[in-house]
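Here are my notes for your first read of this model. Keep the structure open beside them and look up each residue as it comes.

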Amino acid sequence: MEEIGNRREKTVGENDYADEEQRAEIDMWRYFFGFSEMAALKCAIELGIAEAMEAHGRAGISLSELATALNCSSSYLYRIIRFLAHLKFLKEKCSDATNGAKLYTLTPLGRLLMKKGERGMAALVLLETSPVMLAPWQALSGRVRNNDRPAFEAAHGEDIWDFAAENQNHSKLINEAMACDARMVVPAIVNGCADVFDGVDSVVDVGGGDGTTLGMLVKAFPWIKGINFDLPHVVSVAPERNSVEHIGGDMFKAVPQANAAFLMVGIVTNAFPYIWVLHDWCDEECIEILKKCREAIPKVKGKVIIVDAVIEEADDEQEKEQDDDNYKLKGAKLMLDMVMMAHTNRGKERTQEEWQYVLDKAGFSRFIVRPIRAVQSVIVAYY
């Protein structure tokens with residue numbers, strides 16, 4: 001290896017290693033300050049930045065106009081919107097009409113910060129950034145190292161279901177977040193695999209809460225009679241919905257009969273939710289729930305429709321090179337699996353192989369997985 005003065009030329013291998021070391025340091029800065037992204041989104045939602053920008057019009061809004069609309073300090077607000085622009089929630093541009101001053105517009109990503117509207121996801125952000133949901137993350141390592149108490153119980157002294165039942169403000173946050181999720185996912189189901197409901201004239205939504213999700217389904221498929229099934233104290237306060245009958249019970253004991261059983265998401269009032277139902281439970285509990293669903297459907301053409309995540313097992317680097325969107329989607333599913341570990345006692349996201357295990361043990365003959373434009377997939381299991 002030659003030396004030139006006091007400088008030694010590095011080999012190609014050494015240069016590669018140095019580049020990797022530098023990238024690793026940058027990545028670590030991003031990871032251990034990653035919470036700042038979540039905090040900035042919460043700040044933007046609480047300030048109403050997206051709503052103020054949308055109300056101003058699509059042409060763009062200046063910093064001073066936005067600060068006036070929100071009654072905020074322009075210097076602090078600028079630092080928030082600069083960060084949001086870096087994260088692609090906002091776009092900045094210059095306008096001749098404003099003598100070169102920057103104008104800001106919402107991107108499609110930024111519009112998801114709206115509190116209301118069909119595509120607004122603010123409620124999900126506010127739930128996951130609430131102090132109640134953040135606290136269990138501090139107990140995650142104890143859960144993993146010593147198989148200690150579930151992280152949520154370690155933080156709050158009881159599981160998430162009991163906590164929500166006793167704390168109405170948090171229950172409201174959960175309800176709003178799950179309604180937000182249903183507004184996103186049900187259209188994806190309708191647009192992506194409507195044929196799943198062909199020939200189905202009755203559906204029981206297991207853990208359906210107040211019937212929000214089922215109401216959206218029967219509106220899309222008006223030939224379907226819906227049975228909304230949840231705990232008695234949940235359905236007792238559920239609002240009336242066209243073509244939806246509310247029935248109370250326990251899904252671990254029996255499920256009302258229908259052509260198809262639907263397991264997705266429940267929105268509840270003064271109680272707790274079944275969030276996507278099956279990923280909240282361990283394999284043994286899922287098998288019991290699925291057995292009860294199988295008993296409720298006809299042997300001929302009976303099916304159970306599950307809306308839940310399916311984690312792909314493809315090589316990450318290869319997947320990133322081939323399809324960056326799928327790589328990011330897998331990352332979101334893996335994050336959800338961490339959420340399950342932090343927020344539930346034994347829940348988890350599952351690979352296709354793990355889904356096959358619980359469905360086989362529950363007695364189903366076969367199943368198919370249908371991707372939709374969402375983190376979840378539609379899993380159809382046949383009697």
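Is Arg346 buried, partly exposed or exposed? Arg346 has a relative accessible area of 48%, so it is partly exposed. The cut-offs are these: buried is under 20% relative accessible area, exposed is over 50%, and partly exposed is in between (1.4 Å probe, protein chains only).

1. Ground rules. This is a predicted model, where local features need pLDDT of at least 70, side-chain atom pairs count only at pLDDT 80 or more, and totals for chains, interfaces and linings use all residues. Residues are numbered from 1 along each chain as its sequence is written, and side-chain values use heavy atoms, with hydrogens and water left out. Helices (H or I, at least four residues) and strands (E, at least two) are DSSP runs, numbered from the N terminus.

2. The sheet. Seven strands form an open sheet with mixed pairing, in the order β8-β7-β6-β9-β10-β14-β13. The edge strands are β8 and β13 (366-371), and each pairs on one side only. Neighbouring strands of the sheet are turned by 20° against each other on average, direction ignored. Two strands pair if DSSP finds at least two bridges between them. β13 and β14 (377-382) are antiparallel, with six bridges. Phe367 stands opposite Ala381 in β14.

3. Helices on the sheet. Helix α13 lies across β6, β7, β8 and β9, and runs at about 170° to β7. Helix α18 (352-361) packs on the sheet and touches β10 (303-308), β13 and β14; its direction makes about 145° with that of β13. Axes are lines fitted to C-alpha atoms, for helices over the stretch in contact, and angles run from 0 to 180 degrees between N-to-C directions. Contact means heavy atoms within 4.5 Å.

4. Inside α13. The buried residues of α13 (212-220) are Thr212, Thr213, Leu214, Gly215, Leu217 and Val218. Their cover includes α12 (168-193), β6 (202-206) and β7 (225-230).

5. His279 lies in the loop between β9 (260-263) and α15 (283-296). His279 counts as buried because its relative accessibility is 2%. Leaving out residues up to four places away in sequence, His279 touches Asp308, Met340, Gly347, Lys348, Glu349 and Arg350.

6. Lys348. This residue sits in the loop between α17 (324-343) and β12 (350-351). Lys348 is partly exposed, at 24%. Lys348 and Trp281 are 67 residues apart in sequence, yet 7.1 Å apart in space, C-alpha to C-alpha.

7. Salt bridges. The structure holds 14 of them. Each is a side-chain nitrogen of Lys or Arg within 4 Å of a carboxyl oxygen of Asp or Glu. Arg346 and Glu284 form one, at 3.5 Å from N to O. Glu295 and Lys292 form another, with the closest N and O atoms 4.0 Å apart. Glu295 and Lys292 are three residues apart in helix α15, so about one helical turn separates them. Glu295 is exposed at 55%, whereas Lys292 is buried at 17%. Salt bridges with shared partners join Asp283, Lys348, Arg350 and Glu354 into one network.
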